[in-house]
Amino acid sequence: MKSHIIFKNIFIVLLFSFTSIAQNENEELATIGSDKITVEEFQNRFDFMPHLNYSNSNIDSIKKEFLYSLVAEKLWAFEADQLEIDTNETVRLSLKSLEKLFVKDELYKREVESKIVVTGNEIKIGLTRVTRILNTLIITTPDSGKAWRLFESFQKGASFDSVLMSMKMSQKPFEVKYGSFEDEEIENILYSLNLNEISKPVKAKENWFIFKLVEDEVDLSIDPSKEHARNIVIKKLKDRKSQKLGRTYLDKLLSANSIIADRLLFDIMSDKLLEILKERTAKSEYDSIISVDLLETDVKKVLSSLNTSELNAAFIKFDSNPATIKDFLYYTIYQKVLFNSFNSIKFKQSLNRIVKKFIEDELISKEGFNLGLDKLTSVKNDLQIWNNYYLSEVLMNSYADSIIITDEELEKSLDVESDLSNRLEVNIIEILTDNIEDAKKILNELEDGKEFESLVSVYNQREWTKQSNGEWGYFNPANAGEIGRISASLNIGQIYGPIKMNEGYSIFKLIDKKNRIDIQNTVIDKNSLKLIRVKLALSKMDNLINDKTISLASKYKISLNEQLLQKIKTSEINTFTYRFIGFGGKIAAFPITIPIYDWFKEYEQNKEIP
């Protein structure tokens, strides 16, 4: 039986560019030292990313808490900058990979997007086609002679269906809508056919096609007199033209280059990556695999397992500034990388395709840098947002590493729990992942019917629960922060998430709930002790982050315009937004803002104390 999943609907939105709809978008909503948060930045961060784990569902309260969290992010970024954390290799290489993506996107806008022209006649033709659904039978063959001989036989009365059957091809009609085919010539041929007419053979890529139109329906969902229909046509025309212009530009750019990768380094990286993926998935080369995603944690394990000389050696030998294994691995973090076989040869073939794409993207971004596109304000602004996010997160995580739970604190916590004569206890199975991409994958797989327990071994990154397959063991929800509060409100079998935490994104399932009476003699096992330590550490971390944020607010000086905040119109739809990158690829539109808002109330109170 499929478990019930509880989470605010997170809609996946795909955007090419962002246009703020706010009035006075450059107005300053907040100032933090020499930096600021404009209406535009607030609205983009709020509307295009999920706002998770806030105190209640009231939109005005969420807006305030979201603003306080953005201010906190800027404050921590300021402090990290002062401490020169921007020299941290992880931050530096992550930002460099993102900068290349933004530069590549700007090159696409300049060389492709700006040159797309859609004529009135093209729109007119498109409007005559957009309401038609064509059902066609298709014969395909790589042999041009055979294709023309078949066409001649049809002209003499041969049965199209009989040929399909003899060639063991599908006899089910293929549905064609306007824009279904990338090739404009094929579309023109299809929409010129009469009912039951057979087309002449037409070549597309490596094959020859013959079509027979068997049904011509009207799509009643589209009204050609409405603006919606016109927008569909324009988008299809632009998509087709952009693909054609993009291919032409890339052929010209890439044809003059012959770049090779170091085979020895490739084999070392491939073997190590395959070993890590086999270990994580518990699969061997003989197991059937549909697809395995490359996770950020996999990449980090490869980075930590290879020695310095291997990571920094010239992997891709460009004319200048060769790329290293380290450069390539950071590149994969922002790519959709899938493997469908753990057979060593097939695995290397898949990885080789990714290396080829990396080389192409490097050449494209190098061209963008040569044109100075990295100096554009749009690139600098995009990069600054991610820079603040990375700096603040790295500095916060460094504080987490400093937290120590003493034996006295642990004993005191045990005494407090033992003093309770009647309390609620819950038990959960949790998946903790360090990035929103994996959280989204988990939710999608749950919606597709996957069992929660089967996903734990694949995605869970909380070290102390790996041996128990994500299970926490019984605990008092009052002492487990947001996870505890939500767990207490769930029914057994329900799933909740994702919750944004300092260490990542948590999705969990309640597996039991009960009242414990007279626990004086309860034996505390090792897992329970670990859980208590984690709870104490989380509590300490929350207090430390809040205290430090208050201190930073006083140090760097902040000013908030809450009257302006009330006027800003925001979407109440919880969205996770992707941004398409020109010449291929997509990334999260903006970083996920960590909810840090409790500090503000105390900060305001401190200001009032003379």
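Predicted model: local features only at pLDDT ≥ 70, side-chain atom pairs only at ≥ 80, totals over all residues.
Student: How do β7 and β8 pair, in the parallel or the antiparallel sense?

Tutor: Follow the chain direction along each strand. Strand β7 (residues 202-204) and β8 pair in the antiparallel sense, over three bridges. The hairpin they form has two residues between the strands, and K205 there takes a positive phi near 60 degrees.

Student: Which residue stands opposite W208 in β8?

Tutor: That one is T141. Here you're looking at another pairing of β8: strand β5 (residues 132-141) and strand β8 (residues 207-218) run antiparallel, with 10 bridges.

Student: On to helices. At what angle do the axes of α3 and α12 cross?

Tutor: Picture each helix as a line, then check how the two lines sit. For helix α3 (residues 89-111) and helix α12 (residues 325-333), the axes come within 9 Å and cross at roughly 65 degrees. Angles of 65 to 115 degrees count as roughly perpendicular, so that's the word for α3 and α12.

Student: Is that crossing left-handed or right-handed?

Tutor: Right-handed, for α3 and α12.

Student: And which residues of α3 meet which residues of α12?

Tutor: On the α3 side, find E89, T90, L93, S94 and S97; on the α12 side, K326, D327, Y330 and Y331. Sorted by class, this contact of α3 with α12 has three nonpolar, three polar and three charged residues.

How values were computed: Residues numbered from 1 in each chain as written. Heavy atoms only, no water. Axes fitted to C-alpha atoms, helices over the stretch in contact; angles between N-to-C directions. Helix = DSSP H or I, 4+ residues; strand = E, 2+ residues; numbered from the N terminus. Parallel < 35°, antiparallel > 145°, perpendicular 65-115°, else oblique. Left-handed = near helix turned anticlockwise from the far one by under 90°. Contact = heavy atoms within 4.5 Å. Nonpolar A, V, L, I, M, F, W, Y, C, P; charged D, E, K, R; others polar. Pairing = 2+ DSSP bridges.
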